[in-house]
Amino acid sequence: MLATACRSLRSQPRRYLCLRQLISTRQFPSARQFSTLNPLLSDINFEDAEHKYSSTVILPKSDFGNRSNAKLIESTLKPQATSQLYEWNIKRDVKNNDLNNLFILHDGPPYANGDLHIGHALNKILKDIIIRFQLLEGKKVHYKPGWDCHGLPIELKTLEKLGKERKQEIKKLKKQLKEGADVKDELESLEHQRLSSLDIIRLSKQHALATQKVQSQSFQEMGIMGDFQHPYLTLHRSFVINQLKIFKKLFDHGLIHRQEKPVYWGCENATALAEGELEYNNKHESKTAYVKFPISKLGNKLSATLGSGQFPRLSALIWTSTPWTLASNKAICVNQRYKYTVLTSDEDGQLIVGTELKDSIKELKPELKETGIEFSGADLLDCTYTNPLLEEGSEFPFLHGSHVTNITGTALVHTAPGHGQDDYLVCLKNGIKPYSPVDHRGRYTSELPSTLADFIGLKVLGEGNDKMLERLKELQMCFARNDHYIHSYPYDWRSKKPIIIRATPQWFIDVSKIKEVTTKALQERVHFHPEKGSKRLISFINNRNEWCISRQRSWGVPIPVLYKKDTGEPFLNDEVIQKVTEVIEKEDIDSWFEENDDMSKWFPDNFTAGNPDDYVKGKDTMDVWFDSGSSWRVIEKYLEEEGLVEQAHHRGYLADIYLEGSDQHRGWFQSSLLTKVGSSDLDKKIVLPYRTIVTHGFTLDEKGEKMSKSLGNTVLPRDILNGNKQLKIPSLGIDGLRLWVAQSDYSSDVSVGPTVLKHVGENLKKIRFTFKFLLGNLNDFNASTDSVAYEELDNLDRYVLSETYNLERSCLQSYKAFNYSKIVKDVNHFVNSVLSSIYFDVRKDCLYTDHPKSLKRRATQTVLTEILRTLESVLCPILPIITQEVWNSSSGDVTQGLASPFMLQWHTVDNSFHRPDLEQDFKSLFSLRNRIKVLTDTAMRKDKNVRNSLETVVYVTVNDEQSDLYNLLKKYEQGMDDYLLVSKFVLNGDRIPTADYNYEDVSAEIDDLGNCKINVVKSDKLKCPRCWKFTRDEGDELCDRCNDVVDHL
């Protein structure tokens, strides 16, 4: 080095003076040029001297890569962070055999049908974050993935596939027939072939199992941890048996009954639907009509009010959005508390309408005139009317209905008990049976009266409705119509088609008997996140009296009922259910759907009421919500195996958490609760299926629109995992997908797209670079021997430890509150604002250029170790892959020889590190730093006078030396040059030297502590080639600090 060379030549005056002269002019020619200029110094190699310092700088060193390594992830990191970790977890005993040390998240089963979408990723990753945090808390966790394998979607998928194959085969045979092949019989057989129930079951099972296998692999590719080797499937025989036993308990408690009543019906799939299987289309277009029903008889009160013979053409005016149901009209409902009046016109005669609605009706036909007559709805209850659509002579009553409102329509409601829930209940009270002349495909049947015979076979949601409107016109019943009425209407969530309400014989669970105790338990014993979920679920249950559990499909768990062949009368009792369950347990579910088998095996041994051959097995299967709603039995069985079920019963719940989309308030959350409560003894403490319900929203594109293939805005999990150039989505891998989930506010709908994911990728890079910096600078540090005591740390170190404490405590509370977006936000702030912008920037000089074992450097490494442990702990539930990679690259004193950070449990930062006083001090210091940065930025970016802030010296003048600001700066004066990233800091110096530039802030107010003057000037020192600070004296090659370090290396 030049300075070293100078000192070594002090005994040779001529050579020394020559060298000093060259140094003072800062002209350093190459060694060859220098040798030519002055032969006396030809033995000094200046090129070597200039670069010699590089070997004394301690640069970061780590095997942790700048980028993730796909091969390393697949071969090592993913197995370590998922299957190996769960295997270690599940083999452990529950600590102290205490149920409080076991955490159970019960998986709501997705359908084993089709590829996974981004909503599946959101759901499963949220669950995974929860169980990983619980594992980090020291608990044993139980997470058994499940799949819903029965139901219409799978059956339809199977039939669709078979249909395509059948068409191709028919096409092939027709071609062969034309070519002269003898395939006519084979072709005719194929064209008339019908699949049996067993064929559908066999093929549906194959499809479900194959899809489940693919979905399971896809979930594991997202870094999901769980017992994927032993999932629960609703098609497993053991699951079916448990479900039938639950059905038996519901029956024993008097909750199962069969009844003909209106149910939601999907015409495309010819099956009853539960409310949870509906979607509401807010833009549905209906054809509506105001319809006149002639009054056939006035009651005494109304006759007295209207007078005899004054209104010869008196009609009741109703409004309907389902004109096709007028064929099933059995009554008109009014509200006995409302006032009614009569409007009149030459064209329409006299019309009875609600007083509150007369003005809106007059707007339809301005020629209508008021009569001034007013009477109560109660006066209509002893009147009758006729329906000209039906045979002459038929008269129908007026009934009171509390569901009748005076907000829209006419305040008189057309009532068809076969096609409406309210209609059915009102008519039931009045002894009127439901009537529904509509078949399973939504077509009018021959049950219609002869006057409507030409309607038979027409679809009620199509030509049947149109024909009804025309018939009303012909009969002069139509007062007004609107063919473009937009409103909300229920659709079948599978077929995406509008449904009807149709009365058919179905099996029901009587919810009315258990809803009071159920809702009370929800209110008092279940936690909801977000809290609004409580009111939502309770409201759904309160508004429900029955649950239709029968479906007209083959692929499902059979309702174990036998029917008399000649009468269709059901035969169901406790012994029948028990016997059916025993046979299915022995032979599997297929045996129920076998035709022409021995019927006697399905009857109890003590059956003497007739010949078993006079009966047939029922063809209805259970609602799939009953399937998945019975899955709590999987958890109960596990607790039995662990010997913990009594503790679970004592505490009053089985699983700690159920987590699904917000639509499951109408689905799985409700069905699980109803089956559990309904099968429990109500005179004992009810054991609920869950303690906490967490719900998430749906996934949307970046414009807030639902994703669909037709719009081309669909984002799949694999697009994020592997990248999609067409969608401009970068490859983010497992951790990128999980970070997107964690940073999202999942309590409402979640957006995903290229812009969002670009930011996710940037955040992930910052986290990786942070870990790389930490690992690289801890390469030569052993925490057990090199750590520095807290008392020996300087204030910046202590401040950063206090911020680390804040991060750890905040994230701990956020995990407990399921608030993962806040964790990501807090980590990003910590990484960017505390570490990258301050601590790392300030301490690079110390880490790279101080003596390897200096107190300051070891103190910094002590803090970096605490930061590393904290970030590992805070991030490993969200980013298990990168944190496992960090763990593998960490020293043994950090990992303590354990294979995973989860095994070491949550890292708690010492309470003593919390220093609000230092946080306030540094907040003020950083305010000063920001004011100074404005000046240095002007010098660097605008005026181009400065290339690096280290070229500058900062002078701060505080006139009031008694002020809080002066005391603060005096307290931290020794470290201010480091904090400000300048070469020198001067507080209240005697004078500010004249320099090439002087950037000044004459009055800078700092956090209400006082005012100061700031001057940023050029340093009068030279740049040290080793540390780059401008603290080198003229004539020396290195600054004093670097000289001292180098001399002691």
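Biologist: Where is the place of Lys601, and with which residues is Lys601 in contact, leaving aside its neighbours within four places in sequence?

Modeller: This is a predicted model, in which local features need pLDDT of at least 70 and side-chain atom pairs count only at pLDDT 80 or more, while totals for chains, interfaces and linings use all residues. Residues are numbered from 1 along each chain as its sequence is written, and side-chain values use heavy atoms, with hydrogens and water left out. Lys601 lies in the loop between α18 (574–587) and β23, where helices (H or I, at least four residues) and strands (E, at least two) are DSSP runs numbered from the N terminus. Taking contact as heavy atoms within 4.5 Å, and leaving aside neighbours within four places in sequence, the partners of Lys601 are Lys579, Val583, Glu587 and Ser591.

Biologist: What distance separates the C-alpha atoms of Lys601 and Pro612?

Modeller: Along the chain, Lys601 and Pro612 are eleven residues apart.

Biologist: Which residue in β22 is the bridge partner of Leu562?

Modeller: Strand β21 (residues 562–564) is joined to β22 by two bridges, and these strands run antiparallel. Within β22, Leu562 has as its bridge partner Phe571.

Biologist: Which strands are at the edges of the open sheet of four strands, and what is its average twist?

Modeller: The order of this sheet is β6-β5-β17-β19, paired in the antiparallel sense. Its edge strands are β6 (271–273) and β19 (546–548), each pairing on one side only. With axes fitted as lines to C-alpha atoms (for helices over the stretch in contact) and angles running from 0 to 180 degrees between N-to-C directions, the twist from one strand to the next averages 65°.

Biologist: Which element gives the most to the lining of the second largest pocket?

Modeller: On a 1 Å grid over the protein atoms alone, a cavity is a set of points where a 1.4 Å probe fits but cannot get out, and a pocket is an open set with protein on both sides within 12 Å along at least five of seven lines, lining residues having an atom within 4 Å of a point. The second largest pocket is lined by 36 residues, and nearest its centre lie Leu195, Ser196, Ser197, Ile200 and Ser554. The elements giving two or more residues to this lining are α8 (152–178), α10 (197–221) and β23 (615–617). With seven residues, the one that gives the most is α8.

Biologist: How many residues line the largest cavity?

Modeller: Nearest the centre of the largest cavity lie Gly151, Leu152, Arg551, Arg553 and Val624. These belong to a lining whose residues number 13.

Biologist: What is the mean pLDDT of the chain?

Modeller: The pLDDT is the predictor's confidence in each residue, from 0 to 100. In this chain 95% of the residues reach 70 or more, and the mean is 90.

Note on methods:
Two strands pair if DSSP finds at least two bridges between them.
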